[in-house]
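Please read the sequence and the structure below. A short report on selected features follows.

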Amino acid sequence: MRRASVALVLVLCIFTPMVENSAANLENGIFEIDSTTRHVIHRGETIEASITIRNIADQVNEVSFQHALPDNISISNLPDEYVLSQGQVRQFKFYFTCDDYAPYQTVNAVITITSSLDSQLSIDNQFDLVISKQSNLQYGVNGDSQFVVDPGIKTNLAVNMTNYGLFVDNVTFSLATNSNWEWGWTMNNTQNLTSYEYFTPNQLKYIYLWIQVPQVINSQPLFESGPRFSLVATSNLDECTTTWNFDLLMSEFRNVSILETETNLSLSPDSSGRTPVTITNVGNVENIMSIDLQVINSQGNPIIGVPISDRIDYDGWIIAVFGGYEDEFIQPTNSRTFEIGFQSPNSNSGEIHVRVIITPSGATNRAKYVDLQATVVWQREVNADLISDDCSQLLPSESCDAGFRIYNEGNYQDNYLVEIIEQPNFVSLSLGTTSLEIGKNSFVDINSLTITANQDASAFANGNVIIAISLTNSNQNPVLINFDVVIAPEISWSLQNLVQENDAIGRVNIAMTLRNNGNAMDGIIVQLQCSHFTEMSFIPPSGAIYESGIEYPRSFEINDINLASNFTVRAWAEIPVDQISNGTMYLNISIRSIFTPDEPIEFTTSVQYYGTNWQDDEVKTNEKTLGDYVELTTDILKSWFWIIISILASGLIINKAVRDRSDRLENQTMIDTINSANTAEKQDDWLAKFGSKRVETTLIESPEIAAERFERSFKNRAGQLKPVTAPIDEKLRDAAALVLDTHDKSIVRNEADELLNAIDLGGINQPVSDNEKLPTAQYNPKMTKRSDPRNILTDGEQIATEFTKSVPLPDEDDLDF
């Protein structure tokens, strides 16, 4: 370590309390709340706290604050209420104050926030207040410190700290930095990256640590720069932190590096080339570089007698530095590229080795070098390509001329051989040139190749004519030139025979025989057309291709018809029988070769037909088949389906009516039996009952019937027993009554509001002036005359009358459901 200094000063402790923000963000449909939750406070101290509220309602929101405080804690600067506009965010800062005699403990203060938009909404914010003993730790350093360090050196540091507080304190030390430099503690009480020291009041102790300074790599760190370290001491009493910052500044370091460079350069005779070399200033200060050249042998040893220089002329070679700019500074991390130029001698062979030396100014011991090599290479290259090739459609006995060009792409003149290495057996070749000499960067055209097709060459016969061009006295593979030779097809079809006949079922049949007179296996596409709308079809031969699912194909395709072979096309068409007059029907058959589809071969034939007046009548039979009877039965069932359904439904209804009538008759019989002992009733005049004043009542003896019969009759008239309904829950009934009362009150309130609004708009309605008040009249009950000759309405003994059936009841409907 070149220098180490520790300055001892007194630094006041930062009494700002530790505050922990709430991680929870309280949110509802009215507002969002965010607040600090934990605070450290000392006796007699006032600290700041805050609550942030965001109004997320779509209208103005008035919030209210209420607080519940523990003993020894007071609050100030917190409003009782505040009006927030729509979308407004407001931070409320207030203060907690602790009295001088509060016990050391953790207490809770609660602030409740309510909203005018929802009286039921109430949010509590709890603040944990830690009443702590007060610490007072100070480093013996005045402000921040800086230390100059050398690269690759381990630096030890020490700083003292004094506890000026009144209480024993267990202090935690940690080191914070944004660099990746290695560091550690030179102390006893350490755990991972943390160190601990126990301080009594007014006690002074030293904190020891070490930092490993790295090497300067790629100019980092730069001169007089380096990372900052922060030594943080945290009190165990009140979590108060004391920080000492110090910077480690790097000393001057000069260096250079050479990037990876292509070290081998190949040159043609009497030519030049350059090899780029890139250097980088990897020191931490700007610097200049010197560049020198030195000739060496293949083992890397310098050649004696050849001085070191930036330009060398040796053994026909010339080597020089281009773009070095040695007097210009290179900034740290910057690069510069220069070139080493080579001029080769006028010879087909040779090589030279050169060492390039780069020395940074002020650091000769860190010079770098790279070895380069330049070699003269004799390149023997040949290339060729086609000039003309018209042999892709060659007919028998025809000839074509093919031409190609030979290039000398080497760096010297050279001799070449031309030979035919492959040809098909259906052509003959003629080549006039077999060897030639071509100068450097020159070419020669060969137009003496003639290709002739044989007389018996088959169509589509193809092959390649391969010409090889090679260098003399060389093992290089020759360059091959390919000529594609294809014999073109000669299409020729002839009609050998045409047969036409009419059969007994009214069809005209055609058989046409064709012969392939060409030189290729051919295929044909055959199409059938007719002058009249009638059924017609081909009879496709085996192997023909036609559209699937078609009963009567009118076209087909067949391939692979051999040379000099015959092929027969068969077709038929129905002779028209529905024409009024006699006429002629024409059938057209077109045949196209698959090689020349645009050149059809057409054949036309005709047939005479008779009109309907000249045709014999046809005898039509009316015999019915099994399918006809099945179809007739199905139609009958479909037509009678709904009638059968109606009959079934009517039967069910009538059955139900009969059973109900039986039950009613049985009940009526029981009633007649009960009433059989009563006195027979007679049909009197309906006015007769008003003539008698008193009727003596007679006791009616009820007949006796069996209990089972009475119970059955009673059940028939009363129906089945219904289960007793469970009583309604009292709470449910009260809730329903409350809802109905609230609804009625709402209706009344709404009607009153409408009436008040009408009065407010139009005023109170006044009675019409023409209305006259009707006079009140005294009620006279004797104004009504009553006729009661029989004193029915008079007070007296009630007279019992005999029941008389004056109007006979209608008979019951037997079909009554």
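Which residue does a disulfide join to Cys391?

## The disulfide

The partner is Cys400, with an S to S distance of 1.7 Å. A disulfide here is a pair of cysteine sulfur atoms within 2.5 Å. A search of the whole structure finds one. The link of Cys391 and Cys400 is right-handed, with 100° about the S-S bond.

Cys391 counts as buried because its relative accessibility is 0%. Cys400 is buried too, with a relative accessible area of 7%. Buried means under 20% relative accessible area, exposed over 50%, and partly exposed in between (1.4 Å probe, protein chains only). Cys98 is buried at 2% relative accessibility.

## About the model

This is a predicted model, where local features need pLDDT of at least 70, side-chain atom pairs count only at pLDDT 80 or more, and totals for chains, interfaces and linings use all residues. Residues are numbered from 1 along each chain as its sequence is written, and side-chain values use heavy atoms, leaving out hydrogens and water.

## Salt bridges

Side chains of opposite charge can pair when their charged atoms come close. A salt bridge is a side-chain nitrogen of Lys or Arg within 4 Å of a carboxyl oxygen of Asp or Glu. The whole structure holds twelve.

One of them pairs Glu339 with Arg274 (2.9 Å, N to O). Glu339 lies in strand 27 (residues 335-343) and Arg274 in strand 23 (residues 272-281), so the pair ties together parts that are 65 residues apart in sequence. Strands (E, at least two residues) and helices (H or I, at least four) are DSSP runs, numbered from the N terminus. Glu339 is partly exposed at 29%. Arg274 is partly exposed at 47%.

Another salt bridge joins Asp660 and Lys656 (2.7 Å, N to O). Both residues lie in helix 2, four residues apart, about one turn of the helix. Asp660 is buried at 15% relative accessible area, whereas Lys656 is partly exposed at 33%. Elsewhere, salt bridges that share partners join Asp144, Arg228 and Asp247 into one network.

## The nonpolar patch

A nonpolar surface patch covers about 1,100 Å². Its residues include Leu632, Trp640, Phe641 and Leu648. Patches are made of residues with over 30% relative accessible area and no salt bridge; nonpolar side chains (Val, Leu, Ile, Met, Phe, Trp, Tyr) are joined within 5 Å, like charges within 9 Å. Accessible areas come from the Shrake-Rupley method with a 1.4 Å probe; for residues, only the protein chains shown count as cover.

Helix 1 (626-639) and helix 2 (641-674) each supply at least two patch residues. Helix 2 gives the largest share, seven residues. Phe641 lies in helix 2 and is partly exposed at 43% relative accessibility.
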